[in-house]
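Let's take a walk through this protein model and look at how some of its parts meet. Keep the 3D view open while you read.

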Amino acid sequence: RAAALTPAPGLRARRALAAARAMQQAGVPQAALTLLASAAAGPLDERDRALAQRLRGQIALYRNRGGEAAPLLLDAARRLEALDAGLARATLLETMWAASLAGRLGGGMLEAAEAARRAPPAPEPRSGADLLLDGLAVRFTQGYGASAPILKRALSAFRRENPRPGQDMRWPWLACRVAADLYDDETWHVLATRYAQIARGIGALGALPPALNYLVALRVFEGDLDAGAALMEEADAITAVTGNARMVPGRLMLAGYRGDEALALAVIEDGAREAGARGEGVVLTFDEYARAVLYNGLGRYDAALAGAQQATVQDDLSVSAWAFPELVEAAARCGQSELAVAALERLAERTGAAGTQWAMGIEARSRAVVSEDGRAEDHYREAIDRLGRCRVAMELARARLLYGEWLRRVRRRRDAREQLRSAHEMFSAMGARAFADRAGRELLATGETVRKRTGATPPELTPHEARIARMARDGASNQEIGSQLFISHRTVEYHLHKVFTKLGISSRDHLDRVLQAD
């Protein structure tokens, strides 16, 4: 409105540019483009023209997340180098984010990384964003191991920094992806929940769906698939309103781990079509990863092998790293021991550099899968111990399943039952049906009858549902629950509806009757 009422052309153009930026942050890309066209009519100085180009790239990034955003952002960064070194570095970071999404369909990551290596140095002490840029530049020019120390410093800086919405909302997705790439589940949790809370607080509807998507992926690894599905529904509702491209990776992960083959393949095929249409190559890697998880769960290892091989050929942040354990398991079960060992060696290069409990736990689990020297049991026990000390319950359940299968093969049925029973219970509670069925088949092979749910046995609440139910029982409103758990009040309503259905009640007034006292 201010721009429309301003008679001076130069000031009107600058106000139109500021209004376009605000519209983009609010998740209204078409209005932002209209204002940007008005601003471009000028006159604008060199700095504002560079900022307009940057905004074009940002809008393209939100709308399609394909290959067209990275060249626009890289051009803006080059224009800004002589005008504002800080803005140039910030724009290069956005360029790397855009290139990471375009992936194999864009091919601009190396160019962006090399430009970042040549960028003006950041002042000391470097911020989390500056460390992130420098670390990613090393990551894609010199490799994973060389970049790990500086990227760990970047993540530590992000955790220490006092969140400021105007600053932090620029980088939430890259910081979360780097944390996931380094198998740092705790930092991933801290940053993803923080950014989702900030985005909700300031009404940044353009930024909220990506933040929710990273929470979805985290919930999958935590074993709370229902919570992930609720967050995915929220992200879909926002993108439907704003007109931005919907988030696909979280949906693919949910489908893969749910284990319903027909449904998962439909989601995977839809994801591939959307990725091709938008040029969002990283979704293809998530497609391949989801396929590998699905078929490892179903015990169809030849099909899992194909997906895992394709996913690990890429070097996409986070998802390619997650695909290596899938490749080790599938190759070993297909009798391709050389391929399994080679995949383990590539995995160990990453996990050794990462050094987290999650990283070392999946390395130990993968070593156990390929072990032929009698040390398999030691590796399985190490994996269970390490994975039990972090957030990734799904990885822990899979370690117990693999250990139980190994114990049964070496004819230690009693010990096998303990691990398989635990895995079956965990997967069943998570809703990971294919892995639960796989554990159930192994239990039957040990001579144990697998307990099946009947109409008289109500479904169990997931840990997330149980927590929400207890908070509602104790008098917390949906808004208060959402604030404490960093979810929306509609997500709380979704969970409570499922709780009521499972417990056979109609309202929160009945929760004190059916929930045991703490």
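This is a predicted model: local features need pLDDT of at least 70, side-chain atom pairs count only at pLDDT 80 or more; totals for chains, interfaces and linings use all residues.

## Two helices side by side

Now find helix α12 (residues 208-222) and helix α13 (residues 225-242): their axes come within 8 Å and cross at roughly 165 degrees. Angles over 145 degrees count as roughly antiparallel, and α12 and α13 are therefore roughly antiparallel to each other. As for handedness, the crossing of α12 and α13 is left-handed.

Who does the touching? On the α12 side the contact includes Leu 208, Leu 212, Val 216 and Val 220, while α13 brings in residues including Leu 231, Ala 235 and Ile 238. Sort the residues of this contact by type and you get twelve nonpolar, three polar and two charged.

How many salt bridges does a search of the whole structure find? The count is 40.

One of them pairs Asp 181 with Arg 139, with the closest N and O atoms 3.3 Å apart. Asp 181 sits in helix α10 (residues 172-181) and Arg 139 in helix α7 (residues 128-139), so this pair ties together parts that are 42 residues apart in sequence. Both Asp 181 and Arg 139 are buried.

Another salt bridge joins Asp 315 and Arg 350, and here the closest N and O atoms are 3.0 Å apart. Asp 315 is in the loop between α17 (301-313) and α18 (319-333), and Arg 350 is in helix α19 (residues 337-354), so the pair ties together parts 35 residues apart in sequence. Are these two buried or exposed? Asp 315 is partly exposed, with a relative accessible area of 34%, whereas Arg 350 is buried, at 9%.

Next up are Arg 438 and Glu 329, whose side chains meet in a salt bridge (3.0 Å, N to O). Arg 438 belongs to helix α24 (residues 433-445) and Glu 329 to helix α18, so the pair ties together parts that are 109 residues apart in sequence. Arg 438 is buried, with a relative accessible area of 3%, and Glu 329 is buried as well, with 2%.

Definitions and conventions:
Residues are numbered from 1 along each chain as its sequence is written. Side-chain values use heavy atoms; hydrogens and water are left out. Axes are lines fitted to C-alpha atoms, for helices over the stretch in contact, and angles run from 0 to 180 degrees between N-to-C directions. Helices (H or I, at least four residues) and strands (E, at least two) are DSSP runs, numbered from the N terminus. Angles under 35 degrees count as roughly parallel, over 145 as roughly antiparallel, 65 to 115 as roughly perpendicular and the rest as oblique. A crossing is left-handed if the near helix is turned anticlockwise from the far one by less than a right angle, and right-handed if clockwise. Contact means heavy atoms within 4.5 Å. Ala, Val, Leu, Ile, Met, Phe, Trp, Tyr, Cys and Pro count as nonpolar, Asp, Glu, Lys and Arg as charged, and the others, Gly among them, as polar. A salt bridge is a side-chain nitrogen of Lys or Arg within 4 Å of a carboxyl oxygen of Asp or Glu. Buried means under 20% relative accessible area, exposed over 50%, partly exposed in between (1.4 Å probe, protein chains only).
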